[in-house]
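Please keep the sequence and the coordinates at hand while reading.

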Amino acid sequence: TKQEVKTFVENTFGYNLNQTLDKIRKTYPLKEKFSLHCDKCASEAITCWLLADSFEEVIRNAVSLGGDSDTLAAMAGAIAGATPGMEIPEEIGTKCYQLLPDDLKTVMLQFMYYLQKK
């Protein structure tokens with residue numbers, strides 16, 4: 001459950017997952033600068049997931065925080081996509097696939113084929 005994940009992450013990594021999105025928006029460390037360190041936004045990504053009921057809401061939460069929102073949305077979206085009942089909606093997946101260059105489409109299809117054989 002989300003509560004079990006929250007408790008585990010808080011106890012294991014010491015993250016504060018009790019903040020509201022409004023509170024994060026005021027104090028988000030990457031709001032003004034970019035960082036390659038995902039530990040600077042991991043707790044925020046998890047919070048975006050905890051406070052959402054759908055994949056799209058998770059992404060909207062992440063983007064709404066500003067700053068390095070592509071990294072934040074990628075992390076939060078990956079968590080959501082792996083959550084039963086919160087999978088990536090088909091229309092979003094289809095649109096993203098259409099935007100990929102052909103070489104990446106090939107790699108993706110090869111990877112999906114590989115996974116199906118397992």
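Predicted model: local features only at pLDDT ≥ 70, side-chain atom pairs only at ≥ 80, totals over all residues.

## Helix pairs

| Helix pair | Axes come within | Crossing angle | Handedness |
|---|---|---|---|
| Helix 4 and helix 5 | 8 Å | roughly 155° | right-handed |
| Helix 1 and helix 3 | 11 Å | roughly 160° | left-handed |
| Helix 3 and helix 5 | 8 Å | roughly 45° | right-handed |

Helix 4 spans residues 55-64 and helix 5 spans residues 69-81, and their axes cross at roughly 155°. Because angles over 145 degrees count as roughly antiparallel, helix 4 is roughly antiparallel to helix 5. On the helix 4 side the contact is formed by Phe-55, Val-58, Ile-59, Ala-62 and Val-63, which meet Ser-69, Leu-72, Ala-73, Ala-76, Gly-77, Ala-80 and Gly-81 of helix 5. Sorted by class, the residues of this contact comprise nine nonpolar and three polar ones, with no charged residue.

Helix 5 also packs against helix 3, where the two axes come within 8 Å and cross at roughly 45°. Helix 3 and helix 5 are therefore oblique to each other, and their crossing is right-handed. Helix 3 contributes Ala-42, Glu-44, Ala-45, Ile-46, Cys-48 and Trp-49 to this contact, while helix 5 contributes Leu-72, Met-75, Ala-76, Ile-79 and Ala-80. Ten of the residues in the contact of helix 3 with helix 5 are nonpolar and one is charged, whereas none is polar. Leu-72, Ala-76 and Ala-80 of helix 5 take part both in the contact with helix 4 and in the contact with helix 3.

Helix 3, residues 42-50, has a further partner in helix 1, residues 2-13, and the axes of these two helices cross at roughly 160°. That angle makes helix 1 roughly antiparallel to helix 3, and helix 1 passes helix 3 in a left-handed crossing. Lys-2, Val-5, Lys-6 and Val-9 of helix 1 make the contact with Ile-46, Trp-49 and Leu-50 of helix 3. Here the classes are five nonpolar and two charged residues, with no polar residue.

## The largest pocket

Which residues line the largest pocket? The lining consists of Gly-93, Thr-94, Cys-96, Tyr-97, Leu-100, Met-108 and Met-112. Two or more of the lining residues come from each of helix 6 (90-99) and helix 7 (102-117), and helix 6 gives the most, with four residues. The volume of the largest pocket is about 160 Å³. Its lining divides into five nonpolar and two polar residues, with no charged residue.

Technical notes:
Residues numbered from 1 in each chain as written. Heavy atoms only, no water. 1 Å grid on protein atoms, 1.4 Å probe; cavity = no way out; pocket = protein on both sides within 12 Å on 5 of 7 lines; lining within 4 Å. Points joined across faces, edges and corners; volume = space filled by probe spheres on them. Nonpolar A, V, L, I, M, F, W, Y, C, P; charged D, E, K, R; others polar. Axes fitted to C-alpha atoms, helices over the stretch in contact; angles between N-to-C directions. Parallel < 35°, antiparallel > 145°, perpendicular 65-115°, else oblique. Left-handed = near helix turned anticlockwise from the far one by under 90°. Contact = heavy atoms within 4.5 Å.
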